[in-house]
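The entries below follow the order of my searches.

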Amino acid sequence: MKFLSSSPGLFLALWSVFAIVSESPADDDRPNVLFVISDDQSWLHASAYGTTGIETPGFDRVAKAGALFNNAIAASPGCSPCRAAILTGRHTWQIEEAGTHASSFPKKYPVFTDLLASSGYHVGYTGKGWGPGNYKISGWEQNPAGPSYSKRKTKDHPPKSSNLDYSANFEDFLSEKEEDQPFLFWFGAQEPHRPYEVGLGKQKGRDVASVEVPPFLPDREEIRSDVLDYYIEIEYYDSHLVRMLDLLEERGELNNTVVIVTSDNGMPFPRAKANCYEYGIHMPLAICWPEKMPGGRTVDDLIGFVDITATILDVAGVEYPDNPFGLSGKSFQDLLVSKKSGVLDPSRKAVYSARERHSSSRYNNLTYPQRAIRTSKYLLIHNFRPERWPAGAPQVLEKEGRPGPPHGGYHDIDAGPSLSFLVDNRDDSEISPYFHMAVDRRPEFELFNIESDPGCLKNLVDDPKSRQTLQQLASQLNDYLKKTGDPRVLDGGDIYESYIRYSHIRSFPPPEE
(Lines give C-alpha, C1' and ligand atoms only; values in the text may rest on other atoms or scores of the structure.)
Protein backbone atom coordinates (compact mmCIF):
# COMPACT_ATOMS: atom_id res chain seq x y z
CA MET A 1 0.00 0.00 0.00
CA LYS A 2 1.22 3.43 -0.89
CA PHE A 3 1.94 6.52 1.08
CA LEU A 4 1.53 9.59 -1.09
CA SER A 5 1.71 13.18 0.05
CA SER A 6 0.79 14.83 -3.22
CA SER A 7 -1.26 17.98 -3.11
CA PRO A 8 -4.96 17.05 -3.13
CA GLY A 9 -5.52 19.61 -5.86
CA LEU A 10 -3.78 17.48 -8.51
CA PHE A 11 -5.62 15.44 -11.13
CA LEU A 12 -9.00 16.07 -9.58
CA ALA A 13 -11.16 14.20 -12.04
CA LEU A 14 -8.79 11.58 -13.42
CA TRP A 15 -9.49 8.68 -11.17
CA SER A 16 -12.47 6.48 -10.50
CA VAL A 17 -12.80 4.45 -7.33
CA PHE A 18 -14.63 1.68 -9.06
CA ALA A 19 -12.11 1.01 -11.81
CA ILE A 20 -9.26 -0.14 -9.63
CA VAL A 21 -10.45 -2.92 -7.37
CA SER A 22 -10.14 -6.55 -8.37
CA GLU A 23 -13.19 -8.72 -8.80
CA SER A 24 -14.18 -10.83 -5.82
CA PRO A 25 -12.89 -14.39 -5.86
CA ALA A 26 -15.32 -17.18 -6.76
CA ASP A 27 -14.76 -18.91 -3.43
CA ASP A 28 -14.76 -15.85 -1.19
CA ASP A 29 -13.42 -16.71 2.26
CA ARG A 30 -12.19 -13.22 3.01
CA PRO A 31 -13.02 -12.04 6.55
CA ASN A 32 -16.07 -10.01 7.43
CA VAL A 33 -15.49 -6.65 9.10
CA LEU A 34 -17.69 -5.25 11.86
CA PHE A 35 -16.51 -1.70 12.49
CA VAL A 36 -17.97 -0.20 15.66
CA ILE A 37 -17.47 3.46 16.52
CA SER A 38 -19.11 5.29 19.40
CA ASP A 39 -19.56 9.05 19.50
CA ASP A 40 -17.55 10.94 22.18
CA GLN A 41 -15.86 8.30 24.39
CA SER A 42 -12.40 8.69 25.90
CA TRP A 43 -10.14 5.65 26.05
CA LEU A 44 -10.40 4.83 29.74
CA HIS A 45 -14.15 4.52 29.75
CA ALA A 46 -14.57 0.82 29.16
CA SER A 47 -14.31 -1.72 31.93
CA ALA A 48 -11.55 -3.61 30.10
CA TYR A 49 -9.26 -0.65 30.92
CA GLY A 50 -9.94 -1.06 34.64
CA THR A 51 -12.21 1.95 35.10
CA THR A 52 -14.62 1.48 37.98
CA GLY A 53 -18.30 2.35 37.83
CA ILE A 54 -18.82 1.25 34.22
CA GLU A 55 -19.52 -2.15 32.69
CA THR A 56 -18.94 -2.78 28.97
CA PRO A 57 -19.26 -6.54 28.41
CA GLY A 58 -19.36 -6.19 24.62
CA PHE A 59 -16.15 -4.21 24.40
CA ASP A 60 -14.53 -6.45 27.00
CA ARG A 61 -15.52 -9.59 25.08
CA VAL A 62 -13.82 -8.28 21.96
CA ALA A 63 -10.68 -7.37 23.93
CA LYS A 64 -10.58 -10.79 25.61
CA ALA A 65 -11.08 -12.64 22.32
CA GLY A 66 -8.35 -10.61 20.65
CA ALA A 67 -6.37 -7.62 21.84
CA LEU A 68 -6.82 -4.48 23.89
CA PHE A 69 -4.93 -1.52 22.41
CA ASN A 70 -3.52 0.96 24.91
CA ASN A 71 -2.35 3.72 22.58
CA ALA A 72 -4.90 4.37 19.84
CA ILE A 73 -4.93 8.04 18.83
CA ALA A 74 -7.80 9.64 16.90
CA ALA A 75 -7.17 11.58 13.72
CA SER A 76 -9.03 14.52 15.24
CA PRO A 77 -10.82 15.35 18.50
CA GLY A 78 -14.01 16.04 16.50
CA CYS A 79 -16.43 13.53 14.98
CA SER A 80 -16.84 14.71 11.40
CA PRO A 81 -13.14 15.16 10.48
CA CYS A 82 -12.12 12.04 12.40
CA ARG A 83 -14.67 9.89 10.56
CA ALA A 84 -13.58 11.34 7.24
CA ALA A 85 -9.97 10.44 8.03
CA ILE A 86 -10.99 6.86 8.83
CA LEU A 87 -13.04 6.55 5.65
CA THR A 88 -10.31 7.92 3.39
CA GLY A 89 -7.24 6.67 5.27
CA ARG A 90 -5.77 10.16 5.03
CA HIS A 91 -4.93 12.77 7.65
CA THR A 92 -7.50 15.51 8.12
CA TRP A 93 -5.20 18.12 6.57
CA GLN A 94 -5.03 15.99 3.40
CA ILE A 95 -8.76 15.87 2.60
CA GLU A 96 -9.69 19.55 2.26
CA GLU A 97 -13.25 20.37 3.43
CA ALA A 98 -13.76 16.90 4.90
CA GLY A 99 -10.95 17.63 7.36
CA THR A 100 -13.02 20.17 9.24
CA HIS A 101 -16.39 20.04 10.96
CA ALA A 102 -19.85 20.16 9.34
CA SER A 103 -18.52 20.98 5.90
CA SER A 104 -18.57 18.93 2.67
CA PHE A 105 -16.77 15.72 1.63
CA PRO A 106 -14.94 15.88 -1.73
CA LYS A 107 -15.89 12.77 -3.68
CA LYS A 108 -12.49 12.47 -5.33
CA TYR A 109 -11.08 10.81 -2.20
CA PRO A 110 -11.69 7.03 -2.24
CA VAL A 111 -13.34 5.62 0.89
CA PHE A 112 -12.73 2.10 2.14
CA THR A 113 -16.47 1.35 2.23
CA ASP A 114 -16.73 1.85 -1.54
CA LEU A 115 -13.51 -0.05 -2.16
CA LEU A 116 -14.77 -3.10 -0.30
CA ALA A 117 -18.20 -2.89 -1.93
CA SER A 118 -16.59 -2.84 -5.36
CA SER A 119 -14.55 -5.90 -4.49
CA GLY A 120 -17.64 -7.95 -3.64
CA TYR A 121 -18.35 -7.09 0.00
CA HIS A 122 -21.89 -6.54 1.23
CA VAL A 123 -21.66 -3.07 2.81
CA GLY A 124 -23.95 -1.03 5.05
CA TYR A 125 -24.19 1.04 8.20
CA THR A 126 -26.55 1.96 10.99
CA GLY A 127 -26.55 4.95 13.31
CA LYS A 128 -24.02 7.67 12.64
CA GLY A 129 -21.90 7.34 9.52
CA TRP A 130 -19.97 10.37 8.33
CA GLY A 131 -21.28 13.62 9.72
CA PRO A 132 -22.30 16.20 10.52
CA GLY A 133 -21.86 17.76 7.12
CA ASN A 134 -23.27 17.93 3.62
CA TYR A 135 -22.12 14.99 1.50
CA LYS A 136 -24.82 15.42 -1.16
CA ILE A 137 -23.42 18.77 -2.28
CA SER A 138 -20.19 16.96 -3.18
CA GLY A 139 -22.02 14.47 -5.40
CA TRP A 140 -22.49 11.57 -2.99
CA GLU A 141 -25.77 9.72 -3.45
CA GLN A 142 -25.49 8.13 -0.01
CA ASN A 143 -23.48 8.64 3.15
CA PRO A 144 -19.80 7.77 2.57
CA ALA A 145 -20.20 5.06 5.23
CA GLY A 146 -22.43 3.14 2.81
CA PRO A 147 -26.11 2.22 2.40
CA SER A 148 -28.16 3.05 5.48
CA TYR A 149 -29.96 0.43 7.57
CA SER A 150 -32.19 2.44 9.87
CA LYS A 151 -35.76 1.17 9.57
CA ARG A 152 -35.89 -0.64 12.88
CA LYS A 153 -36.61 1.51 15.94
CA THR A 154 -36.85 0.78 19.66
CA LYS A 155 -38.55 2.37 22.66
CA ASP A 156 -36.08 0.72 25.02
CA HIS A 157 -33.42 3.43 25.01
CA PRO A 158 -32.29 6.13 27.43
CA PRO A 159 -34.25 9.40 27.20
CA LYS A 160 -32.77 11.77 24.60
CA SER A 161 -30.71 8.93 23.04
CA SER A 162 -31.19 7.53 19.55
CA ASN A 163 -34.26 5.39 19.01
CA LEU A 164 -32.53 3.30 16.35
CA ASP A 165 -32.49 -0.40 17.12
CA TYR A 166 -28.88 -0.84 16.06
CA SER A 167 -28.73 -4.61 16.51
CA ALA A 168 -32.04 -5.21 14.74
CA ASN A 169 -30.83 -3.12 11.81
CA PHE A 170 -27.66 -5.23 11.74
CA GLU A 171 -29.84 -8.34 11.55
CA ASP A 172 -31.70 -6.83 8.57
CA PHE A 173 -28.38 -6.12 6.92
CA LEU A 174 -27.18 -9.70 7.38
CA SER A 175 -30.42 -11.09 6.00
CA GLU A 176 -29.81 -9.31 2.69
CA LYS A 177 -26.31 -10.58 1.97
CA GLU A 178 -25.69 -13.53 -0.31
CA GLU A 179 -24.55 -16.82 1.16
CA ASP A 180 -20.76 -16.89 1.67
CA GLN A 181 -20.52 -13.20 0.72
CA PRO A 182 -18.20 -11.28 3.08
CA PHE A 183 -19.61 -8.17 4.68
CA LEU A 184 -18.49 -4.82 6.04
CA PHE A 185 -20.85 -3.22 8.53
CA TRP A 186 -20.34 0.18 10.14
CA PHE A 187 -22.10 0.43 13.50
CA GLY A 188 -22.00 4.10 14.39
CA ALA A 189 -23.50 4.48 17.84
CA GLN A 190 -24.84 7.95 18.51
CA GLU A 191 -24.00 7.52 22.19
CA PRO A 192 -22.51 8.89 24.40
CA HIS A 193 -23.02 12.15 22.50
CA ARG A 194 -24.99 14.74 24.42
CA PRO A 195 -27.69 15.59 25.39
CA TYR A 196 -28.33 13.21 28.29
CA GLU A 197 -31.20 12.91 30.69
CA VAL A 198 -29.74 14.71 33.71
CA GLY A 199 -29.54 12.37 36.68
CA LEU A 200 -30.05 9.24 34.55
CA GLY A 201 -27.46 7.27 36.49
CA LYS A 202 -29.03 8.11 39.83
CA GLN A 203 -32.47 7.18 38.47
CA LYS A 204 -31.09 3.74 37.70
CA GLY A 205 -29.87 3.37 41.27
CA ARG A 206 -26.19 3.81 40.47
CA ASP A 207 -23.80 5.33 43.00
CA VAL A 208 -21.95 8.49 41.95
CA ALA A 209 -19.17 7.46 44.34
CA SER A 210 -18.14 4.79 41.83
CA VAL A 211 -17.25 7.39 39.21
CA GLU A 212 -13.63 8.29 38.43
CA VAL A 213 -13.51 12.06 37.91
CA PRO A 214 -10.94 13.13 35.27
CA PRO A 215 -8.12 15.25 36.74
CA PHE A 216 -9.14 18.35 34.76
CA LEU A 217 -12.59 18.49 36.41
CA PRO A 218 -13.43 19.28 40.06
CA ASP A 219 -14.53 16.37 42.20
CA ARG A 220 -18.01 17.61 43.01
CA GLU A 221 -21.40 15.90 43.13
CA GLU A 222 -22.66 17.68 39.99
CA ILE A 223 -19.63 16.55 37.99
CA ARG A 224 -19.81 12.98 39.27
CA SER A 225 -23.48 12.74 38.35
CA ASP A 226 -22.77 14.06 34.86
CA VAL A 227 -19.97 11.54 34.34
CA LEU A 228 -22.24 8.76 35.60
CA ASP A 229 -24.89 9.71 33.03
CA TYR A 230 -22.17 9.51 30.38
CA TYR A 231 -21.28 6.00 31.61
CA ILE A 232 -24.91 4.90 31.24
CA GLU A 233 -24.94 6.07 27.63
CA ILE A 234 -21.80 4.05 26.88
CA GLU A 235 -23.30 0.98 28.51
CA TYR A 236 -26.43 1.33 26.40
CA TYR A 237 -24.57 1.33 23.09
CA ASP A 238 -22.40 -1.54 24.34
CA SER A 239 -25.54 -3.62 24.94
CA HIS A 240 -26.21 -3.50 21.19
CA LEU A 241 -22.65 -4.63 20.51
CA VAL A 242 -23.33 -7.64 22.77
CA ARG A 243 -26.37 -8.53 20.66
CA MET A 244 -24.44 -8.17 17.42
CA LEU A 245 -21.70 -10.49 18.65
CA ASP A 246 -24.28 -13.02 19.78
CA LEU A 247 -26.00 -12.82 16.40
CA LEU A 248 -22.75 -13.47 14.55
CA GLU A 249 -22.00 -16.40 16.82
CA GLU A 250 -25.46 -17.87 16.24
CA ARG A 251 -24.96 -17.62 12.49
CA GLY A 252 -21.52 -19.20 12.66
CA GLU A 253 -19.84 -16.08 11.29
CA LEU A 254 -18.03 -14.67 14.32
CA ASN A 255 -14.82 -16.67 13.85
CA ASN A 256 -14.07 -15.10 10.47
CA THR A 257 -15.16 -11.59 11.42
CA VAL A 258 -12.69 -8.85 12.27
CA VAL A 259 -14.45 -6.84 14.99
CA ILE A 260 -13.01 -3.36 15.56
CA VAL A 261 -14.45 -1.29 18.42
CA THR A 262 -13.38 2.30 19.03
CA SER A 263 -14.67 5.88 19.27
CA ASP A 264 -14.25 9.04 17.21
CA ASN A 265 -13.13 11.55 19.85
CA GLY A 266 -13.07 12.16 23.56
CA MET A 267 -15.77 12.57 26.18
CA PRO A 268 -18.11 15.59 25.74
CA PHE A 269 -16.76 17.49 28.72
CA PRO A 270 -14.63 20.62 29.15
CA ARG A 271 -10.98 20.14 28.12
CA ALA A 272 -11.67 16.77 26.44
CA LYS A 273 -13.70 16.65 23.22
CA ALA A 274 -12.56 19.22 20.61
CA ASN A 275 -9.13 19.43 22.28
CA CYS A 276 -5.93 17.65 21.30
CA TYR A 277 -5.31 16.77 24.92
CA GLU A 278 -5.12 13.12 25.95
CA TYR A 279 -8.79 12.86 26.88
CA GLY A 280 -9.70 14.35 23.51
CA ILE A 281 -7.67 12.14 21.16
CA HIS A 282 -6.78 8.95 23.09
CA MET A 283 -9.41 6.38 22.09
CA PRO A 284 -10.57 2.98 23.29
CA LEU A 285 -9.67 0.24 20.82
CA ALA A 286 -10.34 -3.49 21.00
CA ILE A 287 -10.03 -5.85 18.03
CA CYS A 288 -10.73 -9.54 17.66
CA TRP A 289 -10.56 -11.97 14.75
CA PRO A 290 -11.09 -15.36 16.40
CA GLU A 291 -9.97 -17.37 13.39
CA LYS A 292 -6.59 -15.63 13.16
CA MET A 293 -5.93 -13.65 16.36
CA PRO A 294 -4.69 -15.12 19.64
CA GLY A 295 -6.79 -13.74 22.49
CA GLY A 296 -6.13 -12.14 25.83
CA ARG A 297 -3.39 -9.80 24.64
CA THR A 298 -2.57 -6.13 25.14
CA VAL A 299 -0.86 -4.06 22.48
CA ASP A 300 1.07 -0.93 23.46
CA ASP A 301 2.07 0.15 19.94
CA LEU A 302 1.05 3.62 18.79
CA ILE A 303 -1.91 3.27 16.43
CA GLY A 304 -3.23 6.19 14.37
CA PHE A 305 -6.71 6.07 12.92
CA VAL A 306 -5.35 6.17 9.38
CA ASP A 307 -3.63 2.89 10.29
CA ILE A 308 -7.05 1.34 10.95
CA THR A 309 -8.09 2.11 7.37
CA ALA A 310 -4.94 0.52 5.96
CA THR A 311 -5.52 -2.54 8.12
CA ILE A 312 -9.14 -3.00 7.00
CA LEU A 313 -8.08 -2.90 3.35
CA ASP A 314 -5.21 -5.26 4.09
CA VAL A 315 -7.29 -7.96 5.81
CA ALA A 316 -9.90 -7.67 3.05
CA GLY A 317 -7.27 -8.11 0.36
CA VAL A 318 -8.26 -4.87 -1.37
CA GLU A 319 -5.64 -2.70 -3.08
CA TYR A 320 -5.82 1.06 -2.78
CA PRO A 321 -6.32 2.78 -6.16
CA ASP A 322 -3.33 3.97 -8.15
CA ASN A 323 -4.17 7.67 -7.98
CA PRO A 324 -2.58 10.93 -6.81
CA PHE A 325 -3.71 10.58 -3.21
CA GLY A 326 -2.78 7.41 -1.32
CA LEU A 327 -3.05 6.10 2.20
CA SER A 328 -1.35 7.91 5.06
CA GLY A 329 -1.33 4.96 7.43
CA LYS A 330 0.32 1.58 7.76
CA SER A 331 -1.47 -1.75 8.20
CA PHE A 332 -1.00 -3.45 11.56
CA GLN A 333 -2.35 -6.86 10.54
CA ASP A 334 0.96 -8.28 11.75
CA LEU A 335 0.16 -7.02 15.26
CA LEU A 336 -3.25 -8.65 15.13
CA VAL A 337 -1.95 -12.13 14.37
CA SER A 338 1.04 -11.96 16.71
CA LYS A 339 1.01 -14.12 19.82
CA LYS A 340 2.82 -11.48 21.87
CA SER A 341 1.78 -8.52 24.01
CA GLY A 342 3.44 -5.15 24.59
CA VAL A 343 5.23 -3.11 21.94
CA LEU A 344 5.46 -5.30 18.85
CA ASP A 345 6.68 -2.83 16.19
CA PRO A 346 9.37 -0.42 17.47
CA SER A 347 9.18 1.53 14.20
CA ARG A 348 5.82 3.00 15.29
CA LYS A 349 7.39 5.92 17.13
CA ALA A 350 4.78 8.67 16.71
CA VAL A 351 1.20 9.32 15.65
CA TYR A 352 -0.53 12.58 14.72
CA SER A 353 -3.81 14.34 15.32
CA ALA A 354 -5.30 17.67 14.26
CA ARG A 355 -8.28 19.97 14.46
CA GLU A 356 -9.53 23.09 12.72
CA ARG A 357 -13.11 24.26 13.16
CA HIS A 358 -15.37 22.39 15.55
CA SER A 359 -18.61 24.19 16.38
CA SER A 360 -19.54 27.70 15.28
CA SER A 361 -17.67 29.30 18.15
CA ARG A 362 -15.85 32.43 16.99
CA TYR A 363 -16.28 35.61 15.03
CA ASN A 364 -16.73 35.00 11.31
CA ASN A 365 -16.67 31.24 11.95
CA LEU A 366 -12.92 31.27 12.60
CA THR A 367 -11.17 27.99 13.37
CA TYR A 368 -8.91 27.03 16.25
CA PRO A 369 -6.12 25.17 14.42
CA GLN A 370 -4.15 22.58 16.37
CA ARG A 371 -1.67 19.90 15.34
CA ALA A 372 -0.37 17.27 17.74
CA ILE A 373 2.33 14.62 17.82
CA ARG A 374 1.97 11.80 20.32
CA THR A 375 4.80 9.44 21.26
CA SER A 376 4.77 6.69 23.88
CA LYS A 377 5.70 9.24 26.55
CA TYR A 378 4.97 12.75 25.33
CA LEU A 379 2.24 14.80 23.72
CA LEU A 380 3.17 18.03 21.94
CA ILE A 381 0.43 20.38 20.71
CA HIS A 382 1.01 23.28 18.34
CA ASN A 383 -1.71 25.91 18.66
CA PHE A 384 -1.33 27.85 15.42
CA ARG A 385 -3.58 30.77 16.44
CA PRO A 386 -3.00 31.22 20.19
CA GLU A 387 -4.69 34.61 20.12
CA ARG A 388 -8.04 32.90 19.54
CA TRP A 389 -10.28 31.39 22.20
CA PRO A 390 -9.74 27.60 22.29
CA ALA A 391 -13.20 26.79 23.66
CA GLY A 392 -14.87 29.52 21.64
CA ALA A 393 -15.52 33.17 22.34
CA PRO A 394 -16.99 33.84 25.80
CA GLN A 395 -19.93 35.89 24.51
CA VAL A 396 -22.48 35.30 21.73
CA LEU A 397 -24.51 37.96 19.94
CA GLU A 398 -28.24 37.36 20.18
CA LYS A 399 -31.04 38.72 18.01
CA GLU A 400 -30.42 42.12 16.43
CA GLY A 401 -26.80 41.98 17.57
CA ARG A 402 -27.51 42.29 21.28
CA PRO A 403 -24.74 40.88 23.48
CA GLY A 404 -25.67 37.70 25.30
CA PRO A 405 -24.54 36.75 28.83
CA PRO A 406 -20.82 37.44 29.47
CA HIS A 407 -20.03 33.70 29.70
CA GLY A 408 -22.77 32.33 27.46
CA GLY A 409 -20.39 31.22 24.72
CA TYR A 410 -17.65 28.56 24.81
CA HIS A 411 -19.54 26.58 22.17
CA ASP A 412 -16.63 24.26 21.44
CA ILE A 413 -17.59 22.65 24.75
CA ASP A 414 -20.81 20.65 24.60
CA ALA A 415 -23.56 22.18 26.71
CA GLY A 416 -24.30 20.17 29.85
CA PRO A 417 -24.13 20.16 33.64
CA SER A 418 -20.31 20.13 33.79
CA LEU A 419 -19.87 23.25 31.66
CA SER A 420 -22.69 25.00 33.52
CA PHE A 421 -21.11 24.10 36.85
CA LEU A 422 -17.74 25.58 35.86
CA VAL A 423 -19.32 28.78 34.53
CA ASP A 424 -21.67 29.25 37.49
CA ASN A 425 -18.90 28.65 40.05
CA ARG A 426 -16.02 30.38 38.26
CA ASP A 427 -15.50 32.77 41.19
CA ASP A 428 -15.16 29.93 43.69
CA SER A 429 -11.45 29.67 44.51
CA GLU A 430 -11.53 25.87 44.27
CA ILE A 431 -13.43 25.77 40.96
CA SER A 432 -11.81 28.76 39.25
CA PRO A 433 -8.63 26.93 38.12
CA TYR A 434 -10.71 24.27 36.34
CA PHE A 435 -12.81 26.91 34.61
CA HIS A 436 -9.78 28.81 33.35
CA MET A 437 -8.00 25.63 32.20
CA ALA A 438 -11.02 24.88 30.06
CA VAL A 439 -11.65 28.27 28.44
CA ASP A 440 -8.59 30.55 28.65
CA ARG A 441 -6.25 31.27 25.77
CA ARG A 442 -3.30 28.92 25.50
CA PRO A 443 0.35 29.28 24.48
CA GLU A 444 1.53 28.37 21.01
CA PHE A 445 3.11 25.12 22.23
CA GLU A 446 2.02 22.74 24.97
CA LEU A 447 4.11 19.74 26.02
CA PHE A 448 2.94 17.04 28.41
CA ASN A 449 4.42 13.89 29.88
CA ILE A 450 1.36 11.69 29.45
CA GLU A 451 2.85 8.87 31.53
CA SER A 452 2.84 11.01 34.68
CA ASP A 453 0.25 13.58 33.60
CA PRO A 454 -2.52 11.99 31.46
CA GLY A 455 -4.82 14.86 32.40
CA CYS A 456 -2.45 17.27 30.61
CA LEU A 457 -2.33 19.72 33.50
CA LYS A 458 1.37 20.64 33.56
CA ASN A 459 2.77 22.28 30.45
CA LEU A 460 6.52 21.50 30.27
CA VAL A 461 7.37 24.07 27.60
CA ASP A 462 9.19 26.31 30.08
CA ASP A 463 10.88 23.45 31.91
CA PRO A 464 14.65 23.58 31.14
CA LYS A 465 14.86 19.80 31.49
CA SER A 466 12.31 19.39 28.70
CA ARG A 467 13.87 21.85 26.23
CA GLN A 468 15.54 19.18 24.12
CA THR A 469 12.36 17.09 23.99
CA LEU A 470 10.36 20.17 22.97
CA GLN A 471 12.75 21.06 20.17
CA GLN A 472 12.94 17.50 18.90
CA LEU A 473 9.18 16.94 18.83
CA ALA A 474 8.42 20.37 17.38
CA SER A 475 10.87 19.72 14.56
CA GLN A 476 9.51 16.22 13.97
CA LEU A 477 5.93 17.50 13.86
CA ASN A 478 6.76 20.35 11.50
CA ASP A 479 8.73 18.08 9.16
CA TYR A 480 5.92 15.55 9.02
CA LEU A 481 3.31 18.21 8.29
CA LYS A 482 5.44 19.58 5.47
CA LYS A 483 6.05 16.12 4.05
CA THR A 484 2.35 15.35 4.06
CA GLY A 485 1.26 18.68 2.59
CA ASP A 486 -0.42 20.45 5.50
CA PRO A 487 -1.59 23.95 4.44
CA ARG A 488 -0.96 25.24 7.97
CA VAL A 489 2.80 24.89 7.55
CA LEU A 490 2.97 25.39 3.78
CA ASP A 491 1.15 28.70 3.39
CA GLY A 492 -0.50 29.59 6.70
CA GLY A 493 -3.65 27.55 6.14
CA ASP A 494 -6.11 30.38 5.57
CA ILE A 495 -7.93 28.06 3.15
CA TYR A 496 -9.60 26.52 6.21
CA GLU A 497 -11.38 29.79 6.95
CA SER A 498 -13.08 29.59 3.53
CA TYR A 499 -14.66 26.16 3.92
CA ILE A 500 -18.44 26.43 4.21
CA ARG A 501 -20.09 25.24 7.39
CA TYR A 502 -23.49 23.67 6.71
CA SER A 503 -24.69 23.54 10.31
CA HIS A 504 -25.97 26.41 12.43
CA ILE A 505 -23.86 29.62 12.38
CA ARG A 506 -23.71 31.88 15.42
CA SER A 507 -22.76 35.56 15.65
CA PHE A 508 -19.98 36.88 17.87
CA PRO A 509 -18.45 40.27 18.64
CA PRO A 510 -15.33 41.05 16.57
CA PRO A 511 -12.15 39.77 18.22
CA GLU A 512 -10.22 42.19 20.39
CA GLU A 513 -7.35 43.94 18.70
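**Entry 1: Salt bridges**

I searched the whole structure, which is a predicted model, and the search returned 29 salt bridges. Side chains of opposite charge can pair when their charged atoms come close. I then looked up individual pairs.

I took Arg 224 and Asp 219 to begin with; their side chains meet in a salt bridge with an N to O distance of 2.6 Å. I checked the cover of each partner. Arg 224 has a relative accessible area of 16%, and because buried means under 20%, Arg 224 counts as buried. Asp 219, at 49%, is partly exposed, since the exposed class begins over 50%.

I next examined Glu 278 and Arg 374, whose side chains form a salt bridge at 2.6 Å, N to O. Glu 278 belongs to helix H7 (residues 278-281) and Arg 374 to strand S10 (residues 370-374), so this pair ties together parts 96 residues apart in sequence. I noted that Glu 278 and Arg 374 are both buried.

**Entry 2: A salt-bridge network**

I stayed with strand S10 and looked up Arg 371. Glu 356 forms a salt bridge with Arg 371, and the closest N and O atoms are 2.9 Å apart. Arg 371 lies in strand S10, while Glu 356 sits in the loop between strand S9 (351-355) and S10; the two residues are 15 apart and the pair links distant parts of the chain. I found both Glu 356 and Arg 371 to be buried.

Which residues join Glu 356 and Arg 371 in one network? I traced salt bridges with shared partners and recorded Arg 388, Asp 486, Arg 488 and Glu 497 alongside Glu 356 and Arg 371.

**Entry 3: Helices H6 and H10**

Two packed helices are described by the angle between their axes and the distance between the axes. I looked up both values for helix H6 (residues 221-250) and helix H10 (residues 417-424): the angle is about 165° and the axes are 9 Å apart. Angles over 145 degrees count as roughly antiparallel, and H6 and H10 are therefore roughly antiparallel to each other. I also noted the handedness: H6 passes H10 in a left-handed crossing.

I located Tyr 502 in the segment after helix H13 (487-490). Is Tyr 502 buried, partly exposed or exposed? I recorded Tyr 502 as partly exposed, because its relative accessibility is 33%.

Notes: Residues numbered from 1 in each chain as written. Predicted model: local features only at pLDDT ≥ 70, side-chain atom pairs only at ≥ 80, totals over all residues. Heavy atoms only, no water. Helix = DSSP H or I, 4+ residues; strand = E, 2+ residues; numbered from the N terminus. Buried < 20%, exposed > 50% of the residue type's maximum accessible area, 1.4 Å probe, protein only. Axes fitted to C-alpha atoms, helices over the stretch in contact; angles between N-to-C directions. Parallel < 35°, antiparallel > 145°, perpendicular 65-115°, else oblique. Left-handed = near helix turned anticlockwise from the far one by under 90°. Salt bridge = Lys/Arg side-chain N within 4 Å of Asp/Glu carboxyl O.
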